[in-house]
Amino acid sequence: MKHMNHSMLPLALAAVLGAGAAHAADDAATAREAEAMVKKGVAYIKANGKDKGFAEITRRDSKEFHDRDLYLAAHKLDGTCVAHGTNEKMVGKNFIDMRDIDGKEYIKERVDLGKTKTSFYTDYKFVNPVSKKIEPKTAYCERLDDYVVCGGIYKK
């Protein structure tokens, strides 16, 4: 038995090291980080006003609201985008009828939930700014007055 354990050691070690390397390369944001960024965004908007807050969320080089594949987006409860961390061209446009690749009206779901809940999660598919691929995503959202502020993570 001892001989068999020693012969399996390199394989077991390789598996452990390989798993560690894969984990280190897969440096995606976590749900806890998304929740923390949304809370930070809501606090920033409350402290600085909506105009400055939404502009800061949209500003691509803002380190406060952009971290790897994690960024914030905010919508009015009618579906109009007021801030978007990866695409400033979305700001000012109404996305109530926006559908993901599976046909899910995820903005409508987001604002409908925002009308009745102070915080919630939604699932949909969206382009990952790091991989540039459409991937499953879950977003943590908080209502702020007549807006929802969300930060999402890509599911692996």
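Visitor: What is the torsion about the S-S bond of Cys141 and Cys150, and is the disulfide right-handed or left-handed?

Guide: A disulfide here is a pair of cysteine sulfur atoms within 2.5 Å. Cys141 and Cys150 are joined that way, S to S 2.1 Å, and the torsion about their S-S bond is about 115°, so the disulfide is right-handed. Bear in mind that this is a predicted model, where local features need pLDDT of at least 70, side-chain atom pairs count only at pLDDT 80 or more, and totals for chains, interfaces and linings use all residues. Residues are numbered from 1 along each chain as its sequence is written, and side-chain values use heavy atoms, with hydrogens and water left out.

Visitor: Are Cys141 and Cys150 buried or exposed?

Guide: Buried means under 20% relative accessible area, exposed over 50%, and partly exposed in between (1.4 Å probe, protein chains only). Both cysteines, Cys141 and Cys150, are buried.

Visitor: Which residues of H2 are buried?

Guide: Helices are DSSP runs of H or I, at least four residues, and strands are runs of E, at least two, numbered from the N terminus. In H2, the buried ones are Ala34, Met37, Val38, Gly41, Val42 and Ile45. Down the axis of H2 they fall within an arc of 135°, so they line one face of the helix; the arc is taken from the directions from the helix axis to the C-beta atoms. Turned away from that buried side are the exposed residues Arg32, Lys46 and Ala47.

Visitor: What comes just after H2?

Guide: Gly49, with a positive phi of about 90°.
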